[in-house]
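Please walk through this structure with the sequence and coordinates side by side. Begin with the sheet, then turn to the helices.

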Amino acid sequence: MTATMVLVGGVITYAITGSDSGESSPPTHAKAPSPPPVSAQAKAGEAPSHGPSPSLSPSPATKPLDLEPALRPVTALFGDNRMSVAMLDVSTGAMATYGHGTFDTASVVKVDILATLLLQAQDQGRRLSAEERAQSAAMIRKSDNDSTSALWTRIGSARGLDAANERLGLTQTHGGEGTVWGITQTTAEDQIRLLQSVFGDKSPLSEVSRAYVQDLMQHVVKSQAWGVSAAADSGTTALKNGWLRRTRTQKWDVNSIGRIRHEGRVYLMAVLLNGCSTQEVGISIVEQAARASATAFARKLEEGSAA
């Protein structure tokens with residue numbers, strides 16, 4: 001998504017100058033997901049009124065692995081860019097991190113918006129409407145901005161997102177002002193918490209709601225299957241990417257979150273990057289960071305299991 005922030009009558013509005021919908025983004029080292037079978041309930045977007053208790057945050061048994069040494073060859077290249085990476089090994093709960101601070105979400109917030117919509121539907125004891133399902137599919141699979149704006153309004157904008165995030169365990173994410181959902185602020189660690197709510201068993205989202213989000217993330221259009229998928233073994237990757245050019249600086253935010261399988265292990269992964277000169281450069285950096293982080297983390301986990 002390329003968006004321009006325009007001041008109109010004292011109110012900041014969002015002028016989309018280049019969309020991240022459809023087949024428009026470059027397929028840099030793209031890996032198209034391989035779809036698994038999904039239940040009819042998941043495809044229908046059913047949302048039962050009750051779900052399991054939430055898992056508030058990753059709770060690794062040991063201190064997170066510092067990815068800084070592994071990422072030096074990558075960070076040496078990008079000048080004024082800021083980056084943060086977080087990874088969770090699903091089987092052990094071990095974590096690996098690099099960088100801190102908050103970042104613009106760009107379109108990765110769309111997963112959070114859908115989780116909020118499903119959580120609200122569960123509370124109301126209803127299924128998603130046909131219109132909501134169509135908008136949700138377009139928002140995640142094609143990153144359609146018009147559908148996102150409609151759902152952003154439906155969930156109550158930032159107020160609704162922030163309320164849902166309290167239940168999802170996100171403590172460092174704050175919805176963008178007004179209609180500007182793309183500059184919601186988040187951290188890589190919070191994106192891992194969001195992915196836990198989507199892919200983990202302990203979540204306020206019901207099993208059917210989780211399966212619905214997973215299915216959409218496994219079926220993003222081929223041109224948008226870049227990012228954390230660069231570190232994945234062949235096979236299914238579930239992800240959502242975001243890209244946004246900021247008007248004042250003309251710099252790009254390029255982010256990628258998702259679940260990958262790397263050398264037989266399953267990871268939840270978030271790479272957030274702000275300040276790129278171009279979208280293409282940002283994609284390249286995100287993919288290099290994903291590969292380097294996954295390789296270093298896998299090596300560390302193997303060393304630990306062999307000890």
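In what order do the strands of the open sheet of six strands run? The order is E3-E5-E4-E10-E9-E8, and the pairing is mixed. This is a predicted model. At the edges of the sheet lie E3 (65–66) and E8 (238–245), each pairing on one side only.

Helix H7 packs on this sheet. It touches E4, E5, E8, E9 (252–262) and E10. The direction of H7 makes about 140° with that of E10.

Now look at strand E4, residues 82–89. Is it enclosed or open? Seven of its eight residues are buried, so the rest of the structure largely encloses E4. With E10 (residues 265–276), E4 pairs in the antiparallel sense over eight bridges. With E5 (residues 95–98), the pairing is again antiparallel, over four bridges.

In E5, the bridge partner of Met 87 is Ala 96. Leu 88 stands opposite Met 95 in E5. E4 and E5 also form a hairpin, with five residues between the two strands. Gly 93 sits in that turn and has a positive phi of about 80°.

Back to H7, this time for its helix partner. Two packed helices are described by the angle between their axes and the distance between the axes. For H7 (residues 188–199) and H8 (residues 207–217), the axes come within 8 Å and cross at roughly 110°. Angles of 65 to 115 degrees count as roughly perpendicular. H7 and H8 are therefore roughly perpendicular to each other.

Which residues meet there? H7 brings Leu 195, Ser 197, Val 198 and Phe 199. H8 brings Arg 210, Val 213, Gln 214 and Met 217. By class, the contact of H7 with H8 has five nonpolar, two polar and one charged residues.

Finally, take helix H5, residues 145–154. Which of its residues are buried? They are Asn 145, Ser 147, Thr 148, Leu 151 and Trp 152. Viewed down the axis of H5, these buried residues fall within an arc of 155°, so they line one face of the helix. An α-helix has 3.6 residues a turn, so residues three or four places apart point the same way. On the other side of H5, Asp 146 and Thr 153 are exposed.

Methods: Residues are numbered from 1 along each chain as its sequence is written. This is a predicted model: local features need pLDDT of at least 70, side-chain atom pairs count only at pLDDT 80 or more; totals for chains, interfaces and linings use all residues. Side-chain values use heavy atoms; hydrogens and water are left out. Axes are lines fitted to C-alpha atoms, for helices over the stretch in contact, and angles run from 0 to 180 degrees between N-to-C directions. Angles under 35 degrees count as roughly parallel, over 145 as roughly antiparallel, 65 to 115 as roughly perpendicular and the rest as oblique. Contact means heavy atoms within 4.5 Å. Ala, Val, Leu, Ile, Met, Phe, Trp, Tyr, Cys and Pro count as nonpolar, Asp, Glu, Lys and Arg as charged, and the others, Gly among them, as polar. Buried means under 20% relative accessible area, exposed over 50%, partly exposed in between (1.4 Å probe, protein chains only). Two strands pair if DSSP finds at least two bridges between them. The arc is that of the directions from the helix axis to the C-beta atoms.
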